[in-house]
Amino acid sequence: MSLDIEPIETRTSRELPFHRVVPRLLKDPVTELAKMGCENDGRIVRLNVGPFRPYLVSHPDDVQKVIKTDWENFVRAGMFWRPVWRVTGRGIVGEGLDWETSRRILQPLFTTRYIASLGRQMADVIAAGVAELDEPARAGQPVDSALHMNRIVNRVIIQVLFGGRIPAELGERLAPEFTTCASSIAFRLLLPTVPYSVRIPGDRAFLRALKQIDDIIYPLIDAAMRESSVEGDDVLSHVLRARTAGGLGADLRRQLRDDVVSIYGTASETTAMSLTWLWSVLHDHPQVMTRLRAEIDEVVGAGPVQPEHIPRLTYLHTVLQELLRVYPAAWLVPRQVKQDTELGGVRIGSGSQLLISPYTTHRLEEFWERPLDFDPGRWDPDKAERRHRYAYFPFGGGPHVCLGQHLFYMEAPLVIANILSRYHTEVANPQPLTPAPGASVRPKEQILLTLRPIHQTR
Ligand code: HEM
(Lines give C-alpha, C1' and ligand atoms only; values in the text may rest on other atoms or scores of the structure.)
Protein backbone atom coordinates (compact mmCIF):
# COMPACT_ATOMS: atom_id res chain seq x y z
CA MET A 1 0.00 0.00 0.00
CA SER A 2 1.42 3.37 -0.95
CA LEU A 3 1.56 6.04 1.72
CA ASP A 4 2.23 8.76 -0.78
CA ILE A 5 -0.01 11.74 -0.17
CA GLU A 6 -1.30 13.19 -3.36
CA PRO A 7 -0.74 16.92 -3.73
CA ILE A 8 -3.97 18.89 -3.64
CA GLU A 9 -4.87 19.53 -7.21
CA THR A 10 -5.44 23.18 -7.86
CA ARG A 11 -7.01 24.17 -11.11
CA THR A 12 -8.63 27.13 -12.64
CA SER A 13 -12.37 27.32 -12.26
CA ARG A 14 -14.80 26.72 -15.06
CA GLU A 15 -15.53 30.10 -16.62
CA LEU A 16 -18.85 30.97 -18.18
CA PRO A 17 -18.25 33.38 -21.06
CA PHE A 18 -19.82 36.82 -21.32
CA HIS A 19 -22.20 35.94 -24.15
CA ARG A 20 -23.61 33.03 -22.13
CA VAL A 21 -23.81 34.73 -18.74
CA VAL A 22 -25.09 38.22 -19.39
CA PRO A 23 -28.26 37.49 -21.40
CA ARG A 24 -29.29 34.92 -18.80
CA LEU A 25 -28.65 37.26 -15.90
CA LEU A 26 -30.48 40.10 -17.60
CA LYS A 27 -33.50 37.86 -18.20
CA ASP A 28 -33.98 36.33 -14.75
CA PRO A 29 -30.94 36.89 -12.49
CA VAL A 30 -31.98 34.89 -9.42
CA THR A 31 -33.18 31.76 -11.24
CA GLU A 32 -30.36 31.80 -13.79
CA LEU A 33 -27.63 32.27 -11.18
CA ALA A 34 -28.99 29.25 -9.31
CA LYS A 35 -29.09 27.24 -12.53
CA MET A 36 -25.47 28.12 -13.29
CA GLY A 37 -24.43 26.78 -9.89
CA CYS A 38 -26.59 23.65 -10.19
CA GLU A 39 -25.55 22.87 -13.79
CA ASN A 40 -21.99 22.70 -12.46
CA ASP A 41 -22.94 20.50 -9.48
CA GLY A 42 -21.95 23.18 -7.04
CA ARG A 43 -18.38 23.42 -8.29
CA ILE A 44 -16.93 26.90 -8.41
CA VAL A 45 -17.89 28.79 -11.55
CA ARG A 46 -16.40 32.06 -12.70
CA LEU A 47 -18.88 34.41 -14.28
CA ASN A 48 -17.62 36.66 -17.00
CA VAL A 49 -19.91 39.64 -16.67
CA GLY A 50 -17.62 42.07 -18.48
CA PRO A 51 -15.57 44.41 -16.36
CA PHE A 52 -15.22 41.92 -13.52
CA ARG A 53 -15.52 38.18 -13.06
CA PRO A 54 -16.92 37.05 -9.71
CA TYR A 55 -16.81 33.43 -8.57
CA LEU A 56 -20.08 31.72 -7.77
CA VAL A 57 -19.51 29.53 -4.70
CA SER A 58 -22.22 26.95 -3.99
CA HIS A 59 -20.76 23.73 -2.60
CA PRO A 60 -21.39 23.43 1.16
CA ASP A 61 -17.70 22.63 1.81
CA ASP A 62 -16.68 25.85 0.09
CA VAL A 63 -19.42 27.86 1.77
CA GLN A 64 -18.23 26.56 5.13
CA LYS A 65 -14.66 27.63 4.45
CA VAL A 66 -15.71 31.11 3.34
CA ILE A 67 -18.15 32.04 6.07
CA LYS A 68 -16.88 29.93 8.95
CA THR A 69 -13.48 28.28 9.04
CA ASP A 70 -11.47 30.85 7.10
CA TRP A 71 -13.86 33.77 7.46
CA GLU A 72 -11.18 36.37 8.15
CA ASN A 73 -9.79 35.88 4.66
CA PHE A 74 -13.22 36.37 3.03
CA VAL A 75 -14.40 39.79 4.00
CA ARG A 76 -17.37 41.99 3.41
CA ALA A 77 -15.76 44.55 1.16
CA GLY A 78 -15.85 45.72 -2.40
CA MET A 79 -18.36 46.69 -5.00
CA PHE A 80 -21.26 44.54 -3.80
CA TRP A 81 -21.23 45.93 -0.28
CA ARG A 82 -20.86 49.58 -1.23
CA PRO A 83 -24.57 50.01 -2.12
CA VAL A 84 -25.61 48.33 1.14
CA TRP A 85 -23.29 50.53 3.23
CA ARG A 86 -24.84 53.63 1.69
CA VAL A 87 -27.91 52.69 3.74
CA THR A 88 -26.51 51.00 6.81
CA GLY A 89 -23.06 52.50 7.33
CA ARG A 90 -20.28 50.11 8.31
CA GLY A 91 -21.25 48.94 11.79
CA ILE A 92 -22.99 45.60 12.22
CA VAL A 93 -23.02 44.88 8.47
CA GLY A 94 -19.41 45.97 8.02
CA GLU A 95 -16.16 44.33 9.05
CA GLY A 96 -13.30 44.83 11.50
CA LEU A 97 -13.41 46.76 14.75
CA ASP A 98 -16.58 48.74 13.98
CA TRP A 99 -18.44 45.52 13.21
CA GLU A 100 -17.06 43.80 16.33
CA THR A 101 -18.13 46.70 18.56
CA SER A 102 -21.61 46.82 17.05
CA ARG A 103 -22.03 43.06 17.32
CA ARG A 104 -20.99 43.12 21.00
CA ILE A 105 -23.48 45.90 21.72
CA LEU A 106 -26.40 44.49 19.72
CA GLN A 107 -26.10 40.74 20.36
CA PRO A 108 -27.66 40.76 23.87
CA LEU A 109 -30.81 42.29 22.39
CA PHE A 110 -31.47 39.33 20.13
CA THR A 111 -30.87 36.28 22.32
CA THR A 112 -33.70 33.71 22.67
CA ARG A 113 -34.35 34.88 26.21
CA TYR A 114 -34.43 38.59 25.38
CA ILE A 115 -36.72 38.05 22.41
CA ALA A 116 -38.98 35.85 24.55
CA SER A 117 -39.29 38.75 26.99
CA LEU A 118 -40.72 40.87 24.16
CA GLY A 119 -43.19 38.16 23.10
CA ARG A 120 -46.36 39.42 24.74
CA GLN A 121 -45.91 42.96 23.45
CA MET A 122 -45.06 41.65 19.99
CA ALA A 123 -48.17 39.44 19.96
CA ASP A 124 -50.35 42.49 20.74
CA VAL A 125 -48.75 44.62 18.03
CA ILE A 126 -49.18 41.84 15.47
CA ALA A 127 -52.78 41.07 16.47
CA ALA A 128 -53.67 44.76 16.07
CA GLY A 129 -51.85 44.94 12.72
CA VAL A 130 -53.63 41.85 11.40
CA ALA A 131 -57.03 43.06 12.67
CA GLU A 132 -56.74 46.01 10.29
CA LEU A 133 -57.33 43.50 7.50
CA ASP A 134 -60.91 43.04 8.76
CA GLU A 135 -62.22 45.91 6.69
CA PRO A 136 -61.01 44.75 3.25
CA ALA A 137 -61.87 41.18 4.31
CA ARG A 138 -65.48 42.06 5.06
CA ALA A 139 -65.71 44.04 1.84
CA GLY A 140 -64.32 41.06 -0.09
CA GLN A 141 -61.56 43.32 -1.36
CA PRO A 142 -58.26 41.57 -2.21
CA VAL A 143 -55.17 43.02 -0.50
CA ASP A 144 -51.60 43.33 -1.72
CA SER A 145 -49.71 40.71 0.24
CA ALA A 146 -46.26 42.41 0.14
CA LEU A 147 -47.71 45.73 1.23
CA HIS A 148 -49.51 44.29 4.23
CA MET A 149 -46.73 41.94 5.31
CA ASN A 150 -44.44 44.97 5.22
CA ARG A 151 -46.93 47.04 7.19
CA ILE A 152 -47.26 44.44 9.96
CA VAL A 153 -43.53 43.66 10.15
CA ASN A 154 -42.81 47.39 10.23
CA ARG A 155 -44.98 47.81 13.34
CA VAL A 156 -43.05 45.07 15.12
CA ILE A 157 -39.63 46.36 14.25
CA ILE A 158 -40.57 49.94 15.10
CA GLN A 159 -41.66 48.72 18.53
CA VAL A 160 -38.42 46.76 19.00
CA LEU A 161 -36.25 49.66 17.83
CA PHE A 162 -37.93 52.65 19.38
CA GLY A 163 -40.52 51.45 21.95
CA GLY A 164 -42.78 54.42 22.56
CA ARG A 165 -40.26 56.95 21.23
CA ILE A 166 -41.83 57.30 17.80
CA PRO A 167 -45.32 58.58 16.98
CA ALA A 168 -47.30 55.90 15.12
CA GLU A 169 -47.81 58.06 12.05
CA LEU A 170 -44.05 58.67 11.71
CA GLY A 171 -43.32 54.96 12.16
CA GLU A 172 -45.73 54.14 9.33
CA ARG A 173 -43.77 56.42 7.02
CA LEU A 174 -40.57 54.41 7.45
CA ALA A 175 -41.81 51.19 5.80
CA PRO A 176 -42.33 52.55 2.26
CA GLU A 177 -39.00 54.39 2.35
CA PHE A 178 -37.10 51.23 3.30
CA THR A 179 -39.01 49.28 0.66
CA THR A 180 -37.90 51.81 -1.94
CA CYS A 181 -34.27 51.49 -0.80
CA ALA A 182 -34.42 47.68 -0.81
CA SER A 183 -35.85 47.45 -4.33
CA SER A 184 -33.99 50.33 -6.02
CA ILE A 185 -30.65 49.01 -4.72
CA ALA A 186 -31.04 46.11 -7.22
CA PHE A 187 -29.62 48.20 -10.06
CA ARG A 188 -26.43 48.93 -8.12
CA LEU A 189 -26.10 45.26 -7.13
CA LEU A 190 -26.46 44.19 -10.76
CA LEU A 191 -24.19 46.96 -12.10
CA PRO A 192 -21.59 47.17 -9.33
CA THR A 193 -18.80 48.62 -11.47
CA VAL A 194 -20.69 51.72 -12.60
CA PRO A 195 -19.20 54.71 -10.73
CA TYR A 196 -21.52 56.63 -8.44
CA SER A 197 -20.89 59.79 -10.46
CA VAL A 198 -22.92 58.11 -13.21
CA ARG A 199 -26.65 58.05 -12.47
CA ILE A 200 -28.38 54.72 -13.14
CA PRO A 201 -32.07 53.79 -12.81
CA GLY A 202 -33.08 53.55 -9.19
CA ASP A 203 -30.51 56.07 -7.91
CA ARG A 204 -32.86 59.00 -7.61
CA ALA A 205 -35.54 57.00 -5.75
CA PHE A 206 -32.87 55.41 -3.56
CA LEU A 207 -31.30 58.72 -2.50
CA ARG A 208 -34.66 60.34 -1.89
CA ALA A 209 -35.77 57.44 0.33
CA LEU A 210 -32.48 57.51 2.23
CA LYS A 211 -32.93 61.21 3.01
CA GLN A 212 -36.49 60.61 4.22
CA ILE A 213 -35.25 57.83 6.52
CA ASP A 214 -32.57 60.09 8.01
CA ASP A 215 -35.05 62.94 8.39
CA ILE A 216 -37.24 60.66 10.51
CA ILE A 217 -34.53 58.90 12.50
CA TYR A 218 -32.05 61.66 13.41
CA PRO A 219 -34.61 63.75 15.36
CA LEU A 220 -35.48 60.64 17.41
CA ILE A 221 -31.81 60.12 18.17
CA ASP A 222 -31.33 63.79 19.05
CA ALA A 223 -34.30 63.66 21.43
CA ALA A 224 -32.96 60.51 23.11
CA MET A 225 -29.48 62.08 23.45
CA ARG A 226 -30.96 65.07 25.26
CA GLU A 227 -32.47 62.87 28.00
CA SER A 228 -30.61 63.07 31.29
CA SER A 229 -31.15 59.39 32.00
CA VAL A 230 -32.09 57.03 29.21
CA GLU A 231 -34.70 54.47 30.24
CA GLY A 232 -36.29 51.79 28.09
CA ASP A 233 -35.58 48.36 26.66
CA ASP A 234 -35.87 49.41 23.00
CA VAL A 235 -32.81 49.10 20.75
CA LEU A 236 -32.20 52.85 20.56
CA SER A 237 -32.17 53.27 24.36
CA HIS A 238 -29.91 50.26 24.73
CA VAL A 239 -27.33 51.30 22.13
CA LEU A 240 -27.33 54.85 23.44
CA ARG A 241 -26.56 53.62 26.97
CA ALA A 242 -23.95 51.13 25.72
CA ARG A 243 -22.19 53.59 23.46
CA THR A 244 -22.18 56.50 25.94
CA ALA A 245 -20.84 54.20 28.67
CA GLY A 246 -17.67 54.01 26.59
CA GLY A 247 -17.42 57.83 26.44
CA LEU A 248 -19.05 60.18 23.97
CA GLY A 249 -17.34 59.60 20.64
CA ALA A 250 -17.41 62.34 18.03
CA ASP A 251 -19.33 59.98 15.78
CA LEU A 252 -21.93 58.96 18.35
CA ARG A 253 -24.90 60.38 16.49
CA ARG A 254 -23.89 58.68 13.26
CA GLN A 255 -23.15 55.37 15.00
CA LEU A 256 -26.56 55.35 16.68
CA ARG A 257 -28.17 56.07 13.34
CA ASP A 258 -26.22 53.24 11.70
CA ASP A 259 -27.14 50.75 14.46
CA VAL A 260 -30.83 51.54 14.21
CA VAL A 261 -30.96 51.70 10.41
CA SER A 262 -28.95 48.47 10.06
CA ILE A 263 -31.32 46.58 12.31
CA TYR A 264 -34.33 48.01 10.52
CA GLY A 265 -32.80 47.17 7.14
CA THR A 266 -31.81 43.60 8.02
CA ALA A 267 -34.94 42.77 10.00
CA SER A 268 -37.83 44.17 8.01
CA GLU A 269 -37.48 43.34 4.33
CA THR A 270 -36.17 39.81 4.93
CA THR A 271 -39.10 38.89 7.17
CA ALA A 272 -41.76 40.69 5.13
CA MET A 273 -40.63 39.11 1.85
CA SER A 274 -40.52 35.62 3.38
CA LEU A 275 -44.09 36.09 4.59
CA THR A 276 -45.11 37.36 1.17
CA TRP A 277 -43.84 34.22 -0.60
CA LEU A 278 -45.66 32.06 1.92
CA TRP A 279 -49.17 32.90 0.71
CA SER A 280 -48.39 31.83 -2.81
CA VAL A 281 -46.68 28.65 -1.61
CA LEU A 282 -49.70 27.75 0.54
CA HIS A 283 -52.01 28.40 -2.40
CA ASP A 284 -49.96 26.00 -4.54
CA HIS A 285 -49.86 23.34 -1.79
CA PRO A 286 -53.40 22.97 -0.43
CA GLN A 287 -52.47 19.88 1.59
CA VAL A 288 -49.84 21.94 3.47
CA MET A 289 -52.43 24.65 4.08
CA THR A 290 -54.95 22.09 5.40
CA ARG A 291 -52.48 20.63 7.85
CA LEU A 292 -51.29 24.07 8.94
CA ARG A 293 -54.85 25.21 9.57
CA ALA A 294 -55.60 22.08 11.57
CA GLU A 295 -52.55 22.68 13.76
CA ILE A 296 -53.40 26.33 14.33
CA ASP A 297 -57.04 25.47 15.09
CA GLU A 298 -55.95 22.95 17.65
CA VAL A 299 -53.26 25.05 19.33
CA VAL A 300 -54.69 28.55 19.06
CA GLY A 301 -58.43 28.01 18.57
CA ALA A 302 -60.22 31.32 18.15
CA GLY A 303 -57.22 33.19 19.59
CA PRO A 304 -55.79 35.48 20.61
CA VAL A 305 -52.44 34.08 19.55
CA GLN A 306 -49.90 34.14 22.37
CA PRO A 307 -46.15 33.54 22.40
CA GLU A 308 -46.77 30.40 24.52
CA HIS A 309 -48.48 28.84 21.48
CA ILE A 310 -45.36 29.01 19.33
CA PRO A 311 -43.43 25.97 20.66
CA ARG A 312 -46.55 23.86 19.99
CA LEU A 313 -46.86 25.04 16.38
CA THR A 314 -44.36 22.43 15.25
CA TYR A 315 -45.69 21.90 11.73
CA LEU A 316 -45.65 25.64 11.16
CA HIS A 317 -41.98 25.62 12.14
CA THR A 318 -41.21 23.04 9.46
CA VAL A 319 -43.16 25.10 6.88
CA LEU A 320 -40.98 28.10 7.72
CA GLN A 321 -37.78 26.06 7.52
CA GLU A 322 -38.80 24.85 4.07
CA LEU A 323 -39.90 28.33 3.02
CA LEU A 324 -36.42 29.65 3.85
CA ARG A 325 -34.87 26.79 1.89
CA VAL A 326 -36.82 27.55 -1.27
CA TYR A 327 -36.91 31.33 -0.87
CA PRO A 328 -34.01 32.35 1.39
CA ALA A 329 -34.55 36.10 1.67
CA ALA A 330 -30.78 36.76 1.79
CA TRP A 331 -30.32 35.09 -1.57
CA LEU A 332 -26.85 36.48 -2.28
CA VAL A 333 -24.04 36.91 0.23
CA PRO A 334 -20.96 38.53 -1.33
CA ARG A 335 -17.38 38.35 -0.05
CA GLN A 336 -13.99 39.66 -1.19
CA VAL A 337 -10.82 37.59 -0.94
CA LYS A 338 -8.13 39.22 1.20
CA GLN A 339 -5.13 37.02 0.45
CA ASP A 340 -4.54 34.54 -2.39
CA THR A 341 -6.16 31.29 -1.46
CA GLU A 342 -7.49 27.96 -2.63
CA LEU A 343 -11.17 27.10 -2.59
CA GLY A 344 -12.73 23.87 -3.87
CA GLY A 345 -9.44 23.07 -5.58
CA VAL A 346 -9.39 26.40 -7.38
CA ARG A 347 -6.74 29.09 -6.94
CA ILE A 348 -8.33 32.43 -6.20
CA GLY A 349 -6.42 35.70 -6.12
CA SER A 350 -6.66 38.45 -3.53
CA GLY A 351 -9.26 41.09 -4.36
CA SER A 352 -11.52 38.57 -6.15
CA GLN A 353 -15.25 38.82 -5.59
CA LEU A 354 -17.14 35.74 -4.43
CA LEU A 355 -20.90 35.28 -4.59
CA ILE A 356 -22.32 32.84 -2.10
CA SER A 357 -25.93 32.12 -2.76
CA PRO A 358 -28.10 30.18 -0.32
CA TYR A 359 -30.72 30.21 -3.09
CA THR A 360 -28.32 28.13 -5.21
CA THR A 361 -26.92 25.81 -2.55
CA HIS A 362 -30.45 25.02 -1.35
CA ARG A 363 -31.19 23.67 -4.84
CA LEU A 364 -28.20 21.34 -5.33
CA GLU A 365 -29.35 17.85 -6.21
CA GLU A 366 -26.38 16.27 -4.48
CA PHE A 367 -27.74 17.52 -1.17
CA TRP A 368 -31.48 17.76 -1.73
CA GLU A 369 -33.89 15.21 -3.08
CA ARG A 370 -36.38 16.88 -5.43
CA PRO A 371 -34.85 20.28 -4.64
CA LEU A 372 -37.52 22.27 -6.46
CA ASP A 373 -40.41 20.69 -4.55
CA PHE A 374 -41.78 22.48 -1.52
CA ASP A 375 -41.89 19.75 1.12
CA PRO A 376 -42.00 20.64 4.83
CA GLY A 377 -41.77 16.88 5.50
CA ARG A 378 -37.99 17.18 5.02
CA TRP A 379 -37.86 18.92 8.38
CA ASP A 380 -40.01 16.45 10.28
CA PRO A 381 -37.96 15.93 13.48
CA ASP A 382 -38.87 12.21 13.44
CA LYS A 383 -37.19 11.75 10.09
CA ALA A 384 -34.18 13.88 11.01
CA GLU A 385 -32.39 13.68 7.67
CA ARG A 386 -28.69 14.14 8.10
CA ARG A 387 -27.12 16.62 5.78
CA HIS A 388 -24.09 18.84 5.47
CA ARG A 389 -24.28 21.71 7.95
CA TYR A 390 -23.78 24.21 5.12
CA ALA A 391 -26.25 22.64 2.67
CA TYR A 392 -28.78 24.88 4.42
CA PHE A 393 -27.78 28.32 5.65
CA PRO A 394 -30.61 30.84 5.22
CA PHE A 395 -29.21 32.79 8.18
CA GLY A 396 -25.56 32.53 7.10
CA GLY A 397 -23.06 31.06 9.55
CA GLY A 398 -19.81 31.69 11.38
CA PRO A 399 -19.12 34.98 13.16
CA HIS A 400 -21.46 36.97 10.89
CA VAL A 401 -24.39 34.63 11.46
CA CYS A 402 -27.71 36.45 11.46
CA LEU A 403 -28.60 38.17 14.72
CA GLY A 404 -32.30 37.99 14.01
CA GLN A 405 -33.12 34.26 13.84
CA HIS A 406 -34.97 34.16 17.16
CA LEU A 407 -36.83 37.31 16.30
CA PHE A 408 -37.85 35.79 12.97
CA TYR A 409 -39.04 32.56 14.58
CA MET A 410 -41.12 34.53 17.08
CA GLU A 411 -42.51 37.09 14.69
CA ALA A 412 -43.34 35.00 11.62
CA PRO A 413 -45.39 32.34 13.49
CA LEU A 414 -47.30 35.08 15.31
CA VAL A 415 -48.19 36.76 12.01
CA ILE A 416 -49.19 33.52 10.28
CA ALA A 417 -51.17 32.12 13.21
CA ASN A 418 -52.99 35.44 13.60
CA ILE A 419 -53.95 35.55 9.94
CA LEU A 420 -54.96 31.89 9.66
CA SER A 421 -56.96 31.88 12.89
CA ARG A 422 -58.85 34.91 11.67
CA TYR A 423 -59.35 34.39 7.93
CA HIS A 424 -59.68 31.89 5.13
CA THR A 425 -57.06 33.04 2.63
CA GLU A 426 -56.92 32.62 -1.10
CA VAL A 427 -54.62 34.08 -3.74
CA ALA A 428 -56.89 36.10 -6.00
CA ASN A 429 -54.48 36.18 -8.94
CA PRO A 430 -52.60 32.85 -8.95
CA GLN A 431 -49.75 32.83 -11.48
CA PRO A 432 -46.18 31.59 -11.78
CA LEU A 433 -43.90 33.92 -9.81
CA THR A 434 -40.47 35.21 -10.79
CA PRO A 435 -37.92 35.73 -8.02
CA ALA A 436 -36.66 39.29 -8.41
CA PRO A 437 -33.35 40.53 -7.04
CA GLY A 438 -33.17 43.21 -4.37
CA ALA A 439 -31.75 43.42 -0.88
CA SER A 440 -34.05 40.38 -0.34
CA VAL A 441 -35.41 38.07 -2.99
CA ARG A 442 -38.97 39.14 -3.73
CA PRO A 443 -41.71 38.01 -6.09
CA LYS A 444 -41.66 40.24 -9.15
CA GLU A 445 -45.42 39.87 -9.54
CA GLN A 446 -47.95 41.25 -7.10
CA ILE A 447 -49.68 38.64 -4.92
CA LEU A 448 -53.28 39.60 -4.17
CA LEU A 449 -54.88 37.89 -1.21
CA THR A 450 -58.59 37.49 -0.63
CA LEU A 451 -59.44 37.07 3.05
CA ARG A 452 -62.73 35.75 4.38
CA PRO A 453 -63.36 36.22 8.11
CA ILE A 454 -63.72 32.90 9.93
CA HIS A 455 -65.59 34.44 12.87
CA GLN A 456 -68.05 37.13 11.98
CA THR A 457 -67.30 39.34 15.00
CA ARG A 458 -64.50 39.42 17.49
C1 HEM B 1 -36.06 35.64 6.99
C2 HEM B 1 -35.38 36.40 7.79
C3 HEM B 1 -33.89 36.60 7.72
C4 HEM B 1 -32.95 36.04 6.91
C5 HEM B 1 -33.17 35.03 5.79
C6 HEM B 1 -31.67 36.59 7.29
C7 HEM B 1 -30.46 36.23 6.72
C8 HEM B 1 -29.22 36.71 7.11
C9 HEM B 1 -27.95 36.26 6.57
C10 HEM B 1 -27.75 35.23 5.47
C11 HEM B 1 -26.96 36.94 7.20
C12 HEM B 1 -25.46 36.78 7.00
C13 HEM B 1 -24.86 37.89 6.17
C14 HEM B 1 -23.37 37.69 5.91
O15 HEM B 1 -22.80 36.65 6.24
O16 HEM B 1 -22.76 38.62 5.36
C17 HEM B 1 -27.62 37.84 8.13
C18 HEM B 1 -26.95 38.72 8.93
C19 HEM B 1 -27.59 39.58 9.77
N20 HEM B 1 -28.94 39.60 10.08
FE21 HEM B 1 -30.40 38.48 9.27
N22 HEM B 1 -31.85 37.49 8.29
C23 HEM B 1 -33.19 37.51 8.60
C24 HEM B 1 -33.82 38.25 9.56
C25 HEM B 1 -33.17 39.10 10.40
C26 HEM B 1 -33.80 39.82 11.47
C27 HEM B 1 -35.27 39.73 11.89
C28 HEM B 1 -32.84 40.60 12.04
C29 HEM B 1 -33.05 41.50 13.22
C30 HEM B 1 -32.20 41.77 14.11
C31 HEM B 1 -31.58 40.34 11.33
C32 HEM B 1 -30.35 40.92 11.59
C33 HEM B 1 -29.16 40.58 11.00
C34 HEM B 1 -27.89 41.24 11.30
C35 HEM B 1 -27.71 42.40 12.26
C36 HEM B 1 -26.91 40.61 10.52
C37 HEM B 1 -25.41 40.93 10.46
C38 HEM B 1 -24.70 40.08 11.49
C39 HEM B 1 -23.19 40.24 11.48
O40 HEM B 1 -22.58 40.40 10.44
O41 HEM B 1 -22.63 40.20 12.57
N42 HEM B 1 -31.83 39.43 10.35
N43 HEM B 1 -28.99 37.66 8.06
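1. First, the ground rules. Residues count from 1 along each chain as its sequence is written, and side-chain values use heavy atoms, with hydrogens and water left out. As this is a predicted model, local features need pLDDT of at least 70 and side-chain atom pairs count only at pLDDT 80 or more, while totals for chains, interfaces and linings use all residues.

2. Have a look at the open sheet, where three strands run in the order β5-β13-β10 with antiparallel pairing. Strands here are DSSP runs of E with at least two residues, and helices are runs of H or I with at least four, numbered from the N terminus; two strands pair if DSSP finds at least two bridges between them. The edges are β5 (143-144) and β10 (423-427), each pairing on one side only. Two bridges join β5 to β13 (residues 448-453), and Asp 144 has Leu 448 as its bridge partner in β13.

3. Next come the aromatic pairs, eleven in the whole structure. Rings of Phe, Tyr and Trp (its six-membered ring) pair if their centres lie within 6.5 Å; planes under 30 degrees apart are stacked, over 60 edge-to-face, and the rest tilted. Trp 379 and Tyr 392 have ring centres 4.5 Å apart and planes at 50 degrees, so this pair is tilted. Both residues are buried (under 20% relative accessible area, 1.4 Å probe, protein chains only; exposed is over 50%, partly exposed in between). Together with Trp 368, Trp 379 and Tyr 392 form one aromatic cluster.

4. Finally, the charged end of Arg 76 sits over the ring of Trp 81, 5.2 Å from its centre (CZ of Arg or NZ of Lys within 6 Å of the ring centre and within 35 degrees of the ring normal). Arg 363 lies over the face of Tyr 359, at 3.6 Å from the ring centre.
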